[in-house]
Amino acid sequence: MRKFKKVAKAIALSAIVASSSLLADTVKIGVQAPITGKYANEGQGIEQFVKLIVNEKNAQGGLLGKQIEVVTCDDEAKAQKAAVCARKLVNAGVFAVIGSYTSGATEAAQATYYRNKVLQTSDGTSDSLIKRKYWTFFRNSFPNSAQSDFTADYFVNQKNYKRIVVLSDYSSYSEGLGDATEESIKNIGGNVIFRGKIKSGTQNFTAMLTKIKSMNPDVIYYSGYYTDGGLLRSQQKQLGIDADFVGGDSNDNPDFLKLAGSAAEGTVLINFPTPDILPYKEAKKYLKAYEDTYNMKPPSIWAVVNADGLRAIMHGVEQTKSFDTKKISDFLHNLKDFPGITGPVTFREDGERIGAKFIVYEIQKDGSYKVLGK
(Lines give C-alpha, C1' and ligand atoms only; values in the text may rest on other atoms or scores of the structure.)
Protein backbone atom coordinates (compact mmCIF):
# COMPACT_ATOMS: atom_id res chain seq x y z
CA MET A 1 0.00 0.00 0.00
CA ARG A 2 2.88 2.33 0.93
CA LYS A 3 4.60 1.49 -2.35
CA PHE A 4 1.43 2.33 -4.28
CA LYS A 5 1.17 5.71 -2.50
CA LYS A 6 4.80 6.50 -3.31
CA VAL A 7 4.24 5.65 -6.98
CA ALA A 8 1.07 7.75 -7.10
CA LYS A 9 2.87 10.69 -5.48
CA ALA A 10 5.74 10.39 -7.93
CA ILE A 11 3.35 10.35 -10.88
CA ALA A 12 1.51 13.42 -9.54
CA LEU A 13 4.80 15.25 -8.95
CA SER A 14 6.04 14.47 -12.45
CA ALA A 15 2.73 15.72 -13.89
CA ILE A 16 3.12 19.02 -12.02
CA VAL A 17 6.71 19.39 -13.23
CA ALA A 18 5.67 18.60 -16.80
CA SER A 19 2.81 21.10 -16.58
CA SER A 20 5.12 23.80 -15.22
CA SER A 21 7.64 23.06 -17.95
CA LEU A 22 4.92 23.36 -20.58
CA LEU A 23 3.77 26.69 -19.15
CA ALA A 24 7.35 27.95 -19.06
CA ASP A 25 7.68 27.20 -22.75
CA THR A 26 4.54 29.19 -23.65
CA VAL A 27 3.82 32.90 -23.75
CA LYS A 28 0.40 34.46 -24.28
CA ILE A 29 -0.69 37.31 -26.52
CA GLY A 30 -4.23 38.64 -26.33
CA VAL A 31 -6.61 39.79 -29.04
CA GLN A 32 -9.36 42.16 -27.95
CA ALA A 33 -11.67 42.80 -30.88
CA PRO A 34 -15.32 42.70 -32.03
CA ILE A 35 -15.54 39.06 -33.11
CA THR A 36 -19.33 39.35 -33.16
CA GLY A 37 -21.66 42.32 -33.61
CA LYS A 38 -21.87 44.95 -36.31
CA TYR A 39 -18.10 45.26 -36.77
CA ALA A 40 -17.48 41.51 -36.69
CA ASN A 41 -15.72 41.28 -40.05
CA GLU A 42 -13.13 43.82 -38.86
CA GLY A 43 -12.58 42.01 -35.57
CA GLN A 44 -12.31 38.64 -37.26
CA GLY A 45 -9.81 40.10 -39.72
CA ILE A 46 -7.65 41.34 -36.83
CA GLU A 47 -7.77 37.95 -35.09
CA GLN A 48 -6.95 36.09 -38.30
CA PHE A 49 -3.96 38.29 -39.10
CA VAL A 50 -2.64 37.96 -35.55
CA LYS A 51 -2.88 34.17 -35.77
CA LEU A 52 -1.15 34.22 -39.16
CA ILE A 53 1.81 36.15 -37.71
CA VAL A 54 1.89 33.99 -34.58
CA ASN A 55 1.79 30.72 -36.52
CA GLU A 56 4.71 31.90 -38.63
CA LYS A 57 6.73 32.78 -35.51
CA ASN A 58 5.88 29.49 -33.80
CA ALA A 59 7.00 27.56 -36.89
CA GLN A 60 10.32 29.41 -36.66
CA GLY A 61 10.82 28.22 -33.09
CA GLY A 62 8.73 30.73 -31.20
CA LEU A 63 9.50 33.98 -29.42
CA LEU A 64 12.77 33.62 -27.49
CA GLY A 65 12.19 29.90 -27.77
CA LYS A 66 8.67 30.04 -26.36
CA GLN A 67 5.59 29.04 -28.32
CA ILE A 68 2.97 31.79 -28.53
CA GLU A 69 -0.63 31.14 -27.53
CA VAL A 70 -3.29 33.55 -28.79
CA VAL A 71 -6.10 34.32 -26.33
CA THR A 72 -9.08 36.13 -27.87
CA CYS A 73 -11.80 38.11 -26.11
CA ASP A 74 -14.83 39.41 -28.01
CA ASP A 75 -15.62 42.97 -26.90
CA GLU A 76 -18.33 43.52 -29.57
CA ALA A 77 -16.88 47.06 -29.89
CA LYS A 78 -18.69 47.99 -26.66
CA ALA A 79 -16.95 49.85 -23.86
CA GLN A 80 -18.49 47.80 -21.04
CA LYS A 81 -17.52 44.50 -22.63
CA ALA A 82 -14.08 45.89 -23.46
CA ALA A 83 -13.47 46.56 -19.77
CA VAL A 84 -14.46 42.96 -19.00
CA CYS A 85 -12.17 41.70 -21.76
CA ALA A 86 -9.24 43.62 -20.30
CA ARG A 87 -9.67 41.91 -16.93
CA LYS A 88 -10.09 38.49 -18.56
CA LEU A 89 -6.97 38.85 -20.67
CA VAL A 90 -4.90 40.11 -17.73
CA ASN A 91 -6.10 37.16 -15.65
CA ALA A 92 -5.21 34.84 -18.53
CA GLY A 93 -1.60 35.99 -18.21
CA VAL A 94 -1.05 37.78 -21.53
CA PHE A 95 1.94 40.11 -21.74
CA ALA A 96 0.55 42.06 -24.71
CA VAL A 97 -2.83 42.74 -26.31
CA ILE A 98 -3.68 43.56 -29.91
CA GLY A 99 -6.78 45.74 -30.15
CA SER A 100 -9.39 46.86 -30.06
CA TYR A 101 -10.83 47.97 -33.38
CA THR A 102 -12.78 50.99 -32.09
CA SER A 103 -11.35 53.86 -30.08
CA GLY A 104 -14.11 53.60 -27.48
CA ALA A 105 -13.45 49.93 -26.74
CA THR A 106 -9.71 50.54 -26.76
CA GLU A 107 -9.96 53.40 -24.28
CA ALA A 108 -12.22 51.40 -21.95
CA ALA A 109 -9.47 48.79 -21.56
CA GLN A 110 -6.41 51.06 -21.44
CA ALA A 111 -6.22 51.70 -17.71
CA THR A 112 -6.50 48.01 -16.82
CA TYR A 113 -3.61 47.10 -19.11
CA TYR A 114 -1.55 50.01 -17.77
CA ARG A 115 -2.11 49.05 -14.11
CA ASN A 116 -1.09 45.47 -14.86
CA LYS A 117 1.88 46.38 -17.08
CA VAL A 118 0.42 44.70 -20.17
CA LEU A 119 1.39 46.18 -23.55
CA GLN A 120 -1.46 47.27 -25.84
CA THR A 121 -1.41 48.23 -29.51
CA SER A 122 -4.52 49.42 -31.33
CA ASP A 123 -5.68 50.99 -34.60
CA GLY A 124 -7.95 53.37 -32.67
CA THR A 125 -7.46 56.87 -34.08
CA SER A 126 -9.01 59.01 -31.34
CA ASP A 127 -6.50 61.60 -30.13
CA SER A 128 -7.61 60.95 -26.54
CA LEU A 129 -5.94 57.52 -26.57
CA ILE A 130 -2.52 59.17 -26.28
CA LYS A 131 -3.37 61.95 -23.82
CA ARG A 132 -2.85 59.86 -20.66
CA LYS A 133 0.61 58.87 -21.92
CA TYR A 134 0.37 55.28 -20.69
CA TRP A 135 3.76 53.70 -21.36
CA THR A 136 1.95 50.46 -22.19
CA PHE A 137 0.04 51.87 -25.19
CA PHE A 138 1.15 52.10 -28.83
CA ARG A 139 -1.04 53.28 -31.69
CA ASN A 140 -0.41 51.26 -34.85
CA SER A 141 -2.43 53.58 -37.12
CA PHE A 142 -2.44 57.40 -37.20
CA PRO A 143 -4.43 59.94 -35.16
CA ASN A 144 -7.57 61.85 -36.10
CA SER A 145 -5.60 65.10 -36.13
CA ALA A 146 -3.40 63.87 -38.99
CA GLN A 147 -6.39 62.72 -41.03
CA SER A 148 -8.36 65.91 -40.37
CA ASP A 149 -5.57 68.13 -41.70
CA PHE A 150 -5.29 66.00 -44.85
CA THR A 151 -9.08 66.08 -45.36
CA ALA A 152 -9.28 69.84 -44.85
CA ASP A 153 -6.56 70.45 -47.43
CA TYR A 154 -8.37 68.21 -49.92
CA PHE A 155 -11.70 69.98 -49.38
CA VAL A 156 -10.51 73.58 -49.35
CA ASN A 157 -7.37 73.71 -51.47
CA GLN A 158 -7.96 70.90 -53.96
CA LYS A 159 -11.75 70.65 -54.40
CA ASN A 160 -12.53 74.26 -53.50
CA TYR A 161 -15.73 73.28 -51.67
CA LYS A 162 -17.61 76.35 -50.43
CA ARG A 163 -20.41 74.73 -48.43
CA ILE A 164 -19.24 71.80 -46.29
CA VAL A 165 -21.34 69.59 -44.01
CA VAL A 166 -19.57 67.53 -41.35
CA LEU A 167 -21.44 64.59 -39.82
CA SER A 168 -20.40 62.13 -37.10
CA ASP A 169 -21.97 59.70 -34.69
CA TYR A 170 -21.52 60.07 -30.91
CA SER A 171 -18.60 57.64 -30.44
CA SER A 172 -15.28 59.02 -29.20
CA TYR A 173 -13.59 58.15 -32.50
CA SER A 174 -16.22 59.57 -34.85
CA GLU A 175 -17.01 62.65 -32.78
CA GLY A 176 -13.31 63.35 -32.35
CA LEU A 177 -12.58 63.02 -36.06
CA GLY A 178 -15.60 65.14 -36.96
CA ASP A 179 -14.60 67.90 -34.54
CA ALA A 180 -10.97 67.80 -35.65
CA THR A 181 -11.97 67.98 -39.32
CA GLU A 182 -14.30 70.92 -38.72
CA GLU A 183 -11.52 72.75 -36.87
CA SER A 184 -8.92 71.96 -39.56
CA ILE A 185 -11.25 73.22 -42.30
CA LYS A 186 -11.90 76.48 -40.47
CA ASN A 187 -8.20 76.93 -39.70
CA ILE A 188 -7.41 77.19 -43.43
CA GLY A 189 -10.37 79.39 -44.28
CA GLY A 190 -12.95 76.76 -45.24
CA ASN A 191 -16.68 77.12 -44.63
CA VAL A 192 -18.50 74.48 -42.57
CA ILE A 193 -22.19 75.32 -42.91
CA PHE A 194 -23.40 72.54 -40.60
CA ARG A 195 -21.90 70.20 -37.99
CA GLY A 196 -24.37 67.41 -37.24
CA LYS A 197 -24.46 64.13 -35.30
CA ILE A 198 -26.42 60.95 -35.86
CA LYS A 199 -27.17 58.03 -33.58
CA SER A 200 -25.28 55.01 -34.86
CA GLY A 201 -27.50 52.07 -35.76
CA THR A 202 -30.60 54.20 -36.37
CA GLN A 203 -30.73 53.02 -40.02
CA ASN A 204 -33.16 55.74 -41.11
CA PHE A 205 -31.40 59.08 -41.51
CA THR A 206 -34.05 60.77 -43.63
CA ALA A 207 -34.79 63.56 -41.13
CA MET A 208 -31.15 64.60 -40.86
CA LEU A 209 -30.56 64.36 -44.61
CA THR A 210 -33.72 66.36 -45.39
CA LYS A 211 -32.43 69.11 -43.12
CA ILE A 212 -29.07 69.01 -44.90
CA LYS A 213 -30.71 69.11 -48.35
CA SER A 214 -32.24 72.50 -47.55
CA MET A 215 -28.72 73.87 -46.94
CA ASN A 216 -27.57 73.06 -50.48
CA PRO A 217 -24.12 71.69 -49.54
CA ASP A 218 -21.24 70.99 -51.93
CA VAL A 219 -20.11 67.99 -49.90
CA ILE A 220 -21.25 65.81 -47.02
CA TYR A 221 -18.39 64.42 -44.95
CA TYR A 222 -19.09 61.51 -42.59
CA SER A 223 -16.52 60.60 -39.95
CA GLY A 224 -18.28 57.52 -38.55
CA TYR A 225 -18.28 53.83 -39.42
CA TYR A 226 -19.22 52.03 -42.63
CA THR A 227 -22.32 50.47 -41.05
CA ASP A 228 -23.97 53.90 -41.03
CA GLY A 229 -21.98 55.50 -43.84
CA GLY A 230 -23.32 53.11 -46.47
CA LEU A 231 -26.90 53.82 -45.43
CA LEU A 232 -26.30 57.58 -45.36
CA ARG A 233 -24.98 57.48 -48.91
CA SER A 234 -27.88 55.36 -50.14
CA GLN A 235 -30.50 57.62 -48.53
CA GLN A 236 -28.72 60.75 -49.76
CA LYS A 237 -29.15 59.52 -53.32
CA GLN A 238 -32.77 58.53 -52.72
CA LEU A 239 -33.52 62.07 -51.52
CA GLY A 240 -31.83 63.58 -54.55
CA ILE A 241 -29.21 65.52 -52.62
CA ASP A 242 -26.76 66.73 -55.23
CA ALA A 243 -23.58 66.81 -53.16
CA ASP A 244 -20.39 64.83 -53.06
CA PHE A 245 -20.18 62.25 -50.28
CA VAL A 246 -16.83 61.73 -48.58
CA GLY A 247 -16.26 59.11 -45.91
CA GLY A 248 -13.50 59.05 -43.31
CA ASP A 249 -11.24 56.05 -42.84
CA SER A 250 -13.74 53.76 -41.07
CA ASN A 251 -16.07 53.83 -44.07
CA ASP A 252 -13.45 51.88 -45.99
CA ASN A 253 -14.94 48.40 -45.73
CA PRO A 254 -16.55 46.00 -48.25
CA ASP A 255 -19.83 46.21 -46.36
CA PHE A 256 -20.08 49.92 -47.20
CA LEU A 257 -20.64 48.89 -50.81
CA LYS A 258 -23.28 46.34 -49.82
CA LEU A 259 -25.19 48.85 -47.71
CA ALA A 260 -24.96 51.71 -50.20
CA GLY A 261 -25.79 49.52 -53.20
CA SER A 262 -25.58 51.33 -56.55
CA ALA A 263 -25.26 54.64 -54.66
CA ALA A 264 -21.73 53.63 -53.65
CA GLU A 265 -20.50 54.71 -57.08
CA GLY A 266 -18.85 58.11 -56.87
CA THR A 267 -18.33 57.95 -53.11
CA VAL A 268 -14.95 59.29 -52.06
CA LEU A 269 -13.02 57.68 -49.19
CA ILE A 270 -10.02 59.05 -47.33
CA ASN A 271 -7.83 56.44 -45.67
CA PHE A 272 -4.41 54.88 -45.56
CA PRO A 273 -3.41 53.02 -48.73
CA THR A 274 -5.57 49.91 -49.22
CA PRO A 275 -3.76 46.60 -48.62
CA ASP A 276 -3.66 45.67 -52.32
CA ILE A 277 -1.66 48.77 -53.32
CA LEU A 278 0.87 48.75 -50.47
CA PRO A 279 4.25 48.78 -52.22
CA TYR A 280 6.35 47.25 -49.45
CA LYS A 281 8.08 43.87 -49.57
CA GLU A 282 6.45 42.79 -46.30
CA ALA A 283 3.02 43.70 -47.70
CA LYS A 284 3.40 41.43 -50.70
CA LYS A 285 4.60 38.58 -48.47
CA TYR A 286 1.98 38.78 -45.73
CA LEU A 287 -1.02 39.67 -47.90
CA LYS A 288 -0.31 36.65 -50.09
CA ALA A 289 0.01 34.50 -46.97
CA TYR A 290 -3.30 35.86 -45.64
CA GLU A 291 -5.12 35.06 -48.88
CA ASP A 292 -3.52 31.61 -49.12
CA THR A 293 -4.50 30.82 -45.53
CA TYR A 294 -8.04 32.20 -45.40
CA ASN A 295 -9.05 32.26 -49.10
CA MET A 296 -9.96 35.93 -48.82
CA LYS A 297 -8.38 39.35 -48.62
CA PRO A 298 -8.21 41.25 -45.33
CA PRO A 299 -11.49 43.13 -44.78
CA SER A 300 -9.64 46.45 -44.69
CA ILE A 301 -6.38 48.13 -43.74
CA TRP A 302 -7.22 47.83 -40.01
CA ALA A 303 -6.32 44.16 -39.75
CA VAL A 304 -3.01 44.97 -41.41
CA VAL A 305 -1.98 47.85 -39.12
CA ASN A 306 -2.77 45.67 -36.10
CA ALA A 307 -0.54 42.98 -37.55
CA ASP A 308 2.21 45.60 -37.71
CA GLY A 309 1.58 46.46 -34.06
CA LEU A 310 2.07 42.80 -33.14
CA ARG A 311 5.19 42.49 -35.30
CA ALA A 312 6.69 45.58 -33.64
CA ILE A 313 6.08 44.15 -30.16
CA MET A 314 7.63 40.80 -31.11
CA HIS A 315 10.60 42.70 -32.56
CA GLY A 316 10.92 44.49 -29.22
CA VAL A 317 10.98 41.18 -27.37
CA GLU A 318 13.69 39.81 -29.64
CA GLN A 319 15.84 42.93 -29.49
CA THR A 320 15.66 43.25 -25.71
CA LYS A 321 15.79 39.46 -25.27
CA SER A 322 13.15 39.90 -22.61
CA PHE A 323 9.44 39.65 -21.84
CA ASP A 324 9.78 42.51 -19.35
CA THR A 325 7.11 44.84 -20.73
CA LYS A 326 8.83 48.01 -19.44
CA LYS A 327 12.03 47.10 -21.27
CA ILE A 328 10.07 46.33 -24.42
CA SER A 329 8.16 49.61 -24.09
CA ASP A 330 11.36 51.63 -23.68
CA PHE A 331 12.73 49.99 -26.81
CA LEU A 332 9.56 50.66 -28.82
CA HIS A 333 9.48 54.32 -27.80
CA ASN A 334 12.75 54.67 -29.69
CA LEU A 335 11.76 52.41 -32.61
CA LYS A 336 12.47 54.01 -35.97
CA ASP A 337 11.67 52.77 -39.50
CA PHE A 338 10.86 49.17 -38.55
CA PRO A 339 9.90 47.51 -41.86
CA GLY A 340 6.13 47.17 -41.52
CA ILE A 341 3.51 45.71 -43.81
CA THR A 342 1.93 49.19 -43.96
CA GLY A 343 5.25 50.98 -44.28
CA PRO A 344 8.03 52.05 -41.88
CA VAL A 345 6.91 51.95 -38.25
CA THR A 346 8.25 54.70 -36.00
CA PHE A 347 6.86 55.47 -32.55
CA ARG A 348 7.07 58.77 -30.72
CA GLU A 349 7.94 58.85 -27.00
CA ASP A 350 4.20 58.92 -26.13
CA GLY A 351 3.40 55.81 -28.19
CA GLU A 352 2.10 57.70 -31.22
CA ARG A 353 2.96 56.28 -34.62
CA ILE A 354 4.35 58.99 -36.88
CA GLY A 355 4.72 59.35 -40.64
CA ALA A 356 1.04 59.32 -41.65
CA LYS A 357 0.18 58.78 -45.31
CA PHE A 358 -3.35 59.12 -46.66
CA ILE A 359 -4.90 58.50 -50.05
CA VAL A 360 -8.14 59.74 -51.65
CA TYR A 361 -10.16 57.01 -53.39
CA GLU A 362 -13.30 57.11 -55.51
CA ILE A 363 -15.53 54.04 -55.63
CA GLN A 364 -16.21 52.96 -59.20
CA LYS A 365 -19.36 51.33 -60.63
CA ASP A 366 -17.84 47.84 -60.33
CA GLY A 367 -16.86 48.45 -56.70
CA SER A 368 -13.17 48.99 -57.42
CA TYR A 369 -11.24 51.98 -56.14
CA LYS A 370 -9.70 54.72 -58.25
CA VAL A 371 -6.91 56.74 -56.63
CA LEU A 372 -7.68 60.46 -56.90
CA GLY A 373 -4.83 61.87 -54.88
CA LYS A 374 -2.23 61.41 -52.18
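Two strands count as paired if DSSP finds at least two bridges between them. Strands (E, at least two residues) and helices (H or I, at least four) are DSSP runs, numbered from the N terminus. This is a predicted model, so a pLDDT of at least 70 is needed for local features and 80 or more for side-chain atom pairs, while totals for chains, interfaces and linings use all residues. Residues are numbered from 1 along each chain as its sequence is written, and side-chain values use heavy atoms, with hydrogens and water left out.

**View 1. Strand E8 with its partners E6 and E9.**
Here Tyr-221 sits opposite Val-246 of strand E9 (residues 244-247). E8 and E9 pair in the parallel sense, with four bridges. E8 also pairs with strand E6 (residues 164-168), again parallel and over four bridges, and Val-165 stands opposite Ile-220 there. Now look at the side chains of E8 (residues 219-222): Val-219 and Tyr-221 point one way, Ile-220 and Tyr-222 the other, and all are buried (under 20% relative accessible area with a 1.4 Å probe, protein chains only; exposed is over 50%, partly exposed in between). In a regular strand the side chains alternate between the two faces of the sheet.

**View 2. The five-stranded open sheet.**
The strand order is E2-E1-E3-E4-E5, with parallel pairing. E2 and strand E5 (137-139) are the edge strands, each with a single partner, so one side of each has no neighbour in the sheet. On average, neighbouring strands are turned by 25° against each other, direction ignored; axes are lines fitted to C-alpha atoms, for helices over the stretch in contact, and angles between N-to-C directions run from 0 to 180 degrees. Strands E1 (residues 26-33) and E3 (residues 96-98) run parallel and are joined by three bridges, with Ala-96 of E3 as the bridge partner of Ile-29.

**View 3. Helices on that sheet.**
Helix H2 (residues 40-59) lies across E1, E2 and E3, at about 170° to E2. Helix H4 (residues 103-115) packs on the sheet too, touching E1, E3, strand E4 (119-122) and E5, and its direction makes about 165° with that of E4. Contact here means heavy atoms within 4.5 Å.

**View 4. The disulfide.**
The model has one disulfide, defined as a pair of cysteine sulfur atoms within 2.5 Å. Cys-73 is joined to Cys-85, S to S 2.1 Å. The S-S torsion is about -80°, so this disulfide is left-handed. Cys-73 belongs to strand E2 (residues 67-74) and Cys-85 to helix H3 (residues 79-92), so the pair ties together parts 12 residues apart in sequence. Cys-73 counts as buried at 9% relative accessibility, and Cys-85 at 2%.

**View 5. The largest nonpolar core.**
A nonpolar core is a set of buried Ala, Val, Leu, Ile, Met, Phe, Trp, Tyr and Cys residues joined through side-chain atoms within 4.5 Å. The largest has 89 residues, and Phe-49, Phe-95, Phe-155, Leu-167 and Ile-220 touch the most other members. Helix H12 (residues 301-320) gives the most to this core, 11 residues. Domain 1 (26-142 + 278-354) and domain 2 (145-271) both contribute, so the core lies between them; these bounds come from an automatic or database domain assignment. Beyond four places in sequence, the contacts of Phe-155 include Tyr-161, Ile-185 and Val-246.

**View 6. Where the two domains meet.**
The C-alpha centres of domain 1 and domain 2 are 29 Å apart. Across the boundary, 16 residues of domain 1 are in contact with 15 residues of domain 2.
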